[in-house]
Amino acid sequence: MSDRFRIAAAQVPSQRGDLAANLATHLAALEAAAEHDVSVMIFPELSLTGYELEIAAEFAMSIDDARLDPLHEVARTANMHIVLGAPLRSNSAKPFLGSIIQRANGTRNSYAKMHLGGNEPDYFIPGDRPEVLSVAGHSIGLAICADTGKPSHPQTYAAGGADIYAASVFLTEEWYTSDSPRFPRYAREHQFLAVMANQGASRGTLQSVGKSAIWLPGGELLAEARGTETALVIATREQDTWRGEVVLV
């Protein structure tokens with residue numbers, strides 16, 4: 001592995017259906033991440049549109065959508081890999097609930113949420129394959145929110161040798177109470193660094209609780225946002241040791 005590696009949960013706000021505003025927020029977060037030499041940036045679930053299920057089909061995009069080019073250019077220039085939350089076009093009338101993955105070399109692909117939760121099946125179709133992002137000797141298994149409710153999901157990544165489990169989520173206060181304990185548990189069970197990127201102070205149908213966090217292999221909390229502030233929750237690997245910090249954006 002390289003001498004230094006940084007992965008960040010980007011706790012950014014999202015405005016319901018306001019792609020222009022959300023792109024600007026993402027761009028500011030990426031510029032801050034570039035200043036802090038972040039290697040991998042994980043954005044929250046549906047971060048580009050807000051967690052607004054009923055408008056997802058209207059806003060579904062492809063991975064090569066030109067509106068994303070300014071974000072991809074910052075990532076490419078900064079040698080950063082980024083994972084963006086968005087509804088993705090499919091061959092069905094319903095989109096995927098997905099992530100757009102931009103690698104530092106400029107190539108793009110996607111991950112589609114495999115395990116839909118609540119009423120999400122009314123608006124999306126599930127994905128059928130896991131996705132691993134390999135960066136600087138680290139193997140990062142990607143997840144989206146309700147994926148983490150299936151123990152088989154992180155287990156698949158662990159069996160494949162992943163050392164980081166990174167989830168893009170949207171959690172209200174109620175959902176945070178039930179869902180967040182999974183992350184330290186998986187960190188213990190699989191010796192993962194567990195990364196959870198939740199939305200910040202968003203404006204939409206539901207209210208995010210924020211509190212994005214990262215847990216060490218073994219389950220100890222490494223770094224956590226206090227609330228819904230716009231922030232980068234960063235884990236740095238250097239000389240075989242992880243250290244955490246929270247940077248306000």
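This is a predicted model: local features need pLDDT of at least 70, side-chain atom pairs count only at pLDDT 80 or more; totals for chains, interfaces and linings use all residues.

Student: What does the side chain of Arg 108 meet in a salt bridge?

Tutor: Asp 69, with 3.0 Å from N to O. Asp 69 is also partly exposed, at 37% relative accessibility.

Student: How many salt bridges does the structure hold?

Tutor: There are 14 salt bridges. One of them joins Arg 16 and Glu 52, whose closest N and O atoms are 2.5 Å apart.

Student: Which parts of the chain does that pair link?

Tutor: Two loops. Arg 16 lies in the loop between β1 (4-11) and α1 (19-35), while Glu 52 lies in the loop between β2 (40-42) and α2 (56-59).

Student: Is Glu 52 buried or exposed?

Tutor: Glu 52 counts as buried, at 4% relative accessibility. Arg 16 is partly exposed, with a relative accessible area of 37%.

Student: Which residues are in a network with Arg 16?

Tutor: Glu 52 and Glu 54: salt bridges link the three into a network.

Student: And Arg 182, what's the story there?

Tutor: The Arg 182 side chain meets that of Asp 179 in a salt bridge, 3.3 Å from N to O. Arg 182 counts as buried at 18% relative accessibility, because the cut-off for buried is under 20%. Asp 179 is buried too, at 12%.

Student: OK, new topic: which residues touch the most other members of the largest nonpolar core?

Tutor: Ile 7, Ile 140 and Leu 193, out of 51 residues in that core. Strand β9 (residues 193-197) gives the most to this core, with 5 residues. As a general point, nonpolar side chains tend to be buried together in soluble globular proteins.

Student: What does Leu 193 touch, leaving out residues up to four places away in sequence?

Tutor: Its contacts include Ile 7, Ile 164, Tyr 165, Trp 215 and Trp 242. Asp 163 and Pro 217 are also among the residues that Leu 193 touches.

Student: What's in the second core?

Tutor: That separate core has 27 residues, among them Ala 29, Ala 32, Met 41 and Val 74.

Notes: Residues are numbered from 1 along each chain as its sequence is written. Side-chain values use heavy atoms; hydrogens and water are left out. A nonpolar core is a set of buried Ala, Val, Leu, Ile, Met, Phe, Trp, Tyr and Cys residues joined through side-chain atoms within 4.5 Å. Buried means under 20% relative accessible area, exposed over 50%, partly exposed in between (1.4 Å probe, protein chains only). Helices (H or I, at least four residues) and strands (E, at least two) are DSSP runs, numbered from the N terminus. Contact means heavy atoms within 4.5 Å. A salt bridge is a side-chain nitrogen of Lys or Arg within 4 Å of a carboxyl oxygen of Asp or Glu.
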